[in-house]
Amino acid sequence: GAETGSKEKQNIGETLKHILPEDLLKDGLIPEFIGRLPVVVTLSALEEDALVRILTEPKNALVKQYQKLFALDGVKLVFDEDALRQIAREVLKHKTGARGLRAILEDIMRNVMFEIPSMEGVSLCRVTKDVICKHLDPVLTMSSGKTSQMPRQHVASA
């Protein structure tokens with residue numbers, strides 16, 4: 001006749017908000033250690049909007065870092081809003097948090113970053129949602145107005 005818990009997945013951060021020192025003791029922490037923890041704080045998982053803000057807003061945001069690198073070669077780098085949101089969705093899917101943002105951006109930008117310095121006349125590099133979803137290289141616009149895009153080669157890491 002006991003009540004069974006719901007089968008819904010509950011957010012672990014929400015559950016941990018209600019933790020008490022007695023719970024820590026029951027889970028094996030020694031009382032001397034628990035006494036030295038005056039406050040127990042939990043962090044909630046990042047959501048899509050927060051990840052997009054991490055990509056774009058801070059002074060040293062990843063998008064700004066890549067834009068600066070491309071500017072050294074005289075190329076303007078532009079990320080579509082849909083592309084930024086798709087990057088955030090990929091991070092959420094892989095559950096890698098904010099640190100996963102750099103890995104995804106490096107995978108997207110790796111080939112084009114090393115090819116652009118040897119190419120002449122590239123004025124714009126645009127990252128679209130298709131670049132992330134279909135594993136394409138970013139769209140390059142030449143000074144003449146011509147655009148090009150080719151499938152991205154994945155490098156196997158050893």
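The legends below accompany several close-up views of a predicted model.

Residues are numbered from 1 along each chain as its sequence is written. In this predicted model, local features need pLDDT of at least 70 and side-chain atom pairs count only at pLDDT 80 or more, while totals for chains, interfaces and linings use all residues, and side-chain values use heavy atoms, with hydrogens and water left out.

**View 1. The open sheet has 4 strands in the order 1-2-3-4.**
Helices (H or I, at least four residues) and strands (E, at least two) are DSSP runs, numbered from the N terminus. The pairing in this sheet is mixed, and two strands pair if DSSP finds at least two bridges between them. Strand 1 (76-79) and strand 4 (147-148) stand at the edges with a single partner strand each, so one side of each has no neighbour in the sheet. Look next at strand 2 (residues 122-127), which pairs with strand 3 in the antiparallel sense over 4 bridges. Arginine 126 has valine 139, in strand 3, as its bridge partner. As a reminder, strands of a sheet pair through backbone hydrogen bonds, either parallel or antiparallel.

**View 2. Helix 7 lies across strand 1, strand 2 and strand 3.**
Helix 7 runs at about 155 degrees to strand 2. Axes here are lines fitted to C-alpha atoms, for helices over the stretch in contact, and angles run from 0 to 180 degrees between N-to-C directions.

**View 3. Helix 5 (residues 62-71) packs against helix 7 at an angle of about 15 degrees.**
The two axes are 11 Å apart. That angle makes helix 5 roughly parallel to helix 7 (under 35 degrees counts as roughly parallel, over 145 as roughly antiparallel, 65 to 115 as roughly perpendicular and the rest as oblique). The crossing is right-handed, meaning that the near helix is turned clockwise from the far one by less than a right angle. Leu62, Gln65, Tyr66 and Phe70 of helix 5 meet residues of helix 7, among them Leu105, Met109 and Met113.

**View 4. Helix 6 and helix 7 cross at roughly 125 degrees.**
Their axes come within 9 Å, and the angle makes helix 6 oblique to helix 7. This crossing, too, is right-handed. On the helix 6 side, Ile87, Glu90 and Val91 meet Gly100, Leu101, Ile104, Leu105 and Ile108 in helix 7.

**View 5. Leucine 51 sits in helix 4 (residues 48-56).**
At 1% relative accessibility, leucine 51 counts as buried (buried is under 20% relative accessible area, exposed over 50%, partly exposed in between, with a 1.4 Å probe and protein chains only). Leaving aside neighbours within four places in sequence, leucine 51 is in contact (heavy atoms within 4.5 Å) with residues including Ala88, Val91, Leu92 and Leu101. The C-alpha atoms of leucine 51 and glycine 100 are separated by 10.0 Å, though these residues are 49 apart along the chain.

**View 6. Glutamine 86 belongs to helix 6.**
Glutamine 86 is buried, at 10% relative accessibility. Beyond its neighbours within four places in sequence, glutamine 86 is in contact with Lys129, Ile132 and Cys133.

**View 7. Lysine 95 and histidine 135 each have a positive phi.**
Most residues other than glycine have a negative phi. Lysine 95, with phi near 55 degrees, is found in the loop between helix 6 (81-94) and helix 7 (99-115), and is exposed at 73% relative accessibility. Histidine 135, at about 55 degrees, lies in the loop between helix 8 (129-133) and strand 3 (139-142), and counts as partly exposed at 39%.
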